[in-house]
Amino acid sequence: MIRVLAAGDRFIRASLLRAELDRSLPGAIEVPEIEFAWPDVPFGRVAEVDEAAGSEDELIAALAGATAIVTQLAPLTARVMDAVPELRFIAVSRGGPTNVNVEAARARGIQVANVPGRNGVATAEMTIGLALALMRRIPAAHESMMARTWRGDLYRSDAVGREVAGSVIGLLGAGAVGSHVARAFAAMGAHVVVFDPYLPAGALDAVAERVDSIEDVFTRSDLVSVHARLTPDTAHMVNADTLARMRPGALLVNAARGGLVDYDAVAESLQHGHLGGAAFDVYPEEPVDFDHALFRLAHEGKDVVVTPHIAGASQETAVRAARGVAEEVRRFLHGEDARNPLVNGTRAALL
């Protein structure tokens, strides 16, 4: 019987991966399981791949005799692929498969597929939540109540928050996450402006104004939310210069990638009172350095909202991811084209 390894973790459980494989291919495959300790134990670099969990040795042992693997974080390195010559298909339940040596897979004729957009809704909703928490100063109000203090001063004209309706919300990127954020903010009455050079003509025209330069987003927006992919061109796209272009008191939200923002520049802008507040779910290094100026400013009462990289984590994301990789395995074993191929290979029906 064909073996498909379900390599899970404590977010996308091996049992969930197995259940979705059994649902897609009832009685047709053998599904051994392995489970890594992430997120309780941080992921990291394993050999030549990034954001991986577990070790090469334990994965090699679990993969013995497997034709395919479904996983989120297993370290699929060249060494692992060489140690398991039966491996023909890798399905990664995430949008950016940095834990897979894609070039090594291509050289060995191993097909690779992923699940882009699996957490688009979850990340978009978290982005909106961070923005609302920042605009309405919800964390400060919550903390005062937990301290058994009734802060009537939060109703003062210089302390109350602001509304989404009537605000200008600027989005840097409008892919699976940004487009959902644009529609939601537009429905709430905001004027949404979007910079995304890859946005198809006419897309989002009903809900957002497309602008031709990143500077337009920074100079016009009451709140800027970052939704770009991290590339050499987009690294630190939010920096001291772009922050200086923002209106005094404007707000910044980033639930995309930490490398898109210069956090030192953000802390300086907050310290000097130009940036009105910031909300972050992602950071340049994770786990974070809690001695960074950003966290010091939060403790000092600046409008800073921080969460530990959980924007994409929802029950629905996990199910969507597991279902996506199971469908890719079903297609592979029946000789069909992958829905989201990263590396193509020779197709042959194995079932």
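In which strand is Glu-51 found? Glu-51 sits in strand β5, which covers residues 49-52. The model discussed here is predicted.

Most residues other than glycine have a negative phi, and most peptide bonds are trans. Is Glu-51 buried or exposed? Its relative accessibility is 18%, so Glu-51 counts as buried, the cut-off being under 20%.

Arg-137 is placed in a loop. That loop runs between α5 (120-135) and α6 (138-146).

Pro-39 belongs to the loop between β3 (33-35) and β4 (44-46).

Pro-287 is in the loop between β14 and α11.

## The second largest pocket

What classes of residue make up the lining? Five are nonpolar, four are polar and four are charged.

## Aromatic pairs

How many aromatic pairs does a search of the whole structure find? The search finds six. One of them is formed by Phe-89 and Phe-332, and it is stacked. The ring centres are 4.6 Å apart, with 15 degrees between the planes. This pair links distant parts of the chain, 243 residues apart. Phe-89 is in strand β7 (residues 89-92), and Phe-332 is in helix α12 (residues 315-333). Both Phe-89 and Phe-332 are buried.

Tyr-263 and Tyr-283 form another aromatic pair, and this one is tilted. The centre-to-centre distance is 6.0 Å, and the planes are 50 degrees apart. Tyr-263 has a relative accessibility of 5%, so it counts as buried. Tyr-283 is buried as well, with a relative accessible area of 8%. Both tyrosines belong to one aromatic cluster, together with Phe-280, Phe-290 and Phe-295.

## Helix α10

What caps the N-terminal end of α10? Asp-262 does. A side-chain oxygen of Asp-262 lies 3.1 Å from the backbone nitrogen of Asp-264. Beyond the helix comes Gly-273, with a positive phi near 85 degrees.

The buried residues of α10 are Tyr-263, Ala-265, Val-266, Ala-267, Ser-269 and Leu-270. They pack against α9 (240-245), β13 (251-254), β14, α11 and β15 (304-306).

Ser-269 lies in this helix. Why does Ser-269 count as buried? Its relative accessibility is 9%, and buried means under 20%. Leaving aside neighbours within four places in sequence, Ser-269 is in contact with Leu-243, His-274 and Leu-275.

Where is Ile-310 placed? Ile-310 is in the loop between β15 and α12. At 39% relative accessibility, Ile-310 counts as partly exposed, because that class falls between the 20% and 50% limits.

Ile-310 and Thr-123 are 187 residues apart in sequence. In space, their C-alpha atoms are 8.3 Å apart. Ile-310 touches Met-126 and Asp-281, when residues up to four places away in sequence are not counted.

Key. Residues are numbered from 1 along each chain as its sequence is written. This is a predicted model: local features need pLDDT of at least 70, side-chain atom pairs count only at pLDDT 80 or more; totals for chains, interfaces and linings use all residues. Side-chain values use heavy atoms; hydrogens and water are left out. Ala, Val, Leu, Ile, Met, Phe, Trp, Tyr, Cys and Pro count as nonpolar, Asp, Glu, Lys and Arg as charged, and the others, Gly among them, as polar. Rings of Phe, Tyr and Trp (its six-membered ring) pair if their centres lie within 6.5 Å; planes under 30 degrees apart count as stacked, over 60 as edge-to-face and the rest as tilted. Helices (H or I, at least four residues) and strands (E, at least two) are DSSP runs, numbered from the N terminus. Buried means under 20% relative accessible area, exposed over 50%, partly exposed in between (1.4 Å probe, protein chains only). Contact means heavy atoms within 4.5 Å. A polar contact is a pair of N or O atoms within 3.5 Å; within protein, one must be able to donate a hydrogen and the other to accept it, and residues adjacent in sequence count only if both atoms are side-chain atoms.
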